[in-house]
Amino acid sequence: VYGAFEDCSGLTSITIPDSATSIEGSAFWGCSSLTSITIPDSVTSIGSHAFYDCSSLTSITIPVSVTSIEAGVFSSCSRLASVTLGNRVTSIGDYAFNSCDSLTSITIPDSVTSIGKSAFSFCDSLASVTVPAGVTEIGTGAFAWCNKLTRITVAVDNPNYCSADGVLFNKDKTVLMQAPGALSGAYTVPAG
């Protein structure tokens, strides 16, 4: 049920049963005392904002059965320091990990083809990101306002994007997509 456990301030731990196939949108929105979540392989979808503002959550493992991280799923999970994404995830939605202040690094699986706008924006502790070869779309400000971000690395065989000195560009380097620690946006690089 949408918003089923919204604002459950006393809930500290939850194990999703093996019979569950989805977690509805906003299901655990604002459960500020939730520190532990176990998601079984039976779950194939997690709705938008399902764990929004679960500010005590410190780690999450997304099983291989999940193929997309919807919009804002873990946004404002300020203590979320460790994220393991299953190797079948193909998309990371808009604002999915926005304002995850404690997240220091993220391994984006090779299966990912799209990273939504502001997906990792305002992740104050994020120091480095590697974009795999299969990513064909990166939304505006995907890594904006990440104050400790020093390097964005793109797989050399990515046909759409590249990096130089830790800066994210489109493949032919005519559009600067994101400089580490910078604001958002894409900037056209003048010819010559």
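Predicted model: local features only at pLDDT ≥ 70, side-chain atom pairs only at ≥ 80, totals over all residues.
## Overall make-up

The secondary structure of this protein consists of 17 strands and 0 helices. Of its 192 residues, 46% are buried, and the accessible surface comes to about 8,500 Å², with 51% of that surface belonging to carbon and sulfur atoms.

Contacts can also be sorted by how far apart their residues lie along the chain. Among the contacts in the protein with a separation of 6 or more, 26% are accounted for by residues 24 or more positions apart.

## A parallel sheet

Strands of a sheet pair through backbone hydrogen bonds, and this pairing may be either parallel or antiparallel. In this model, 4 strands form an open sheet whose order is β6-β8-β10-β12, and here the pairing is parallel. The edge strands of this sheet are β6, at residues 68-69, and β12, at residues 137-138, each of which pairs on one side only.

Strand β8, which covers residues 91-92, is joined by 2 bridges to strand β10, which covers residues 114-115, and the two run parallel.

## The nonpolar core

The largest nonpolar core contains 53 residues, and the residues with the most contacts inside this core are F51, I92, F97 and F120. Two or more residues of the core are given by each of the elements β11 (128-131) and β13 (151-154).

F51 shows how such a residue can be followed through the structure: once its neighbours within four places in sequence are left aside, F51 is in contact with a set of residues that includes I23, F28, L34 and I37 on the one hand, and V73, F74, S75 and C77 on the other. The contacts of F51 also include I39 and I46.

## Two buried residues in loops

P63 is placed in the loop between β5 (59-61) and β6, and P63 counts as buried because its relative accessible area is 6%, which is under the 20% cut-off. Not counting residues up to four places away in sequence, P63 touches I39, P40, D41, V43 and G86. The C-alpha atoms of P63 and T38 are separated by 9.5 Å, although these residues are 25 residues apart along the chain.

S33 lies in another loop, the one between β2 (22-23) and β3 (36-38). At a relative accessibility of 18%, S33 is also counted as buried, and a polar atom of the S33 side chain lies 2.9 Å from the backbone oxygen of L11.

Technical notes: Residues numbered from 1 in each chain as written. Heavy atoms only, no water. Pairing = 2+ DSSP bridges. Core = buried A, V, L, I, M, F, W, Y, C linked by side-chain atoms within 4.5 Å. Buried < 20%, exposed > 50% of the residue type's maximum accessible area, 1.4 Å probe, protein only. Contact = heavy atoms within 4.5 Å. Polar contact = N/O pair within 3.5 Å; in protein donor to acceptor, adjacent residues only side chain to side chain. Areas by Shrake-Rupley, 256 points an atom, 1.4 Å probe, with all protein chains shown as cover.
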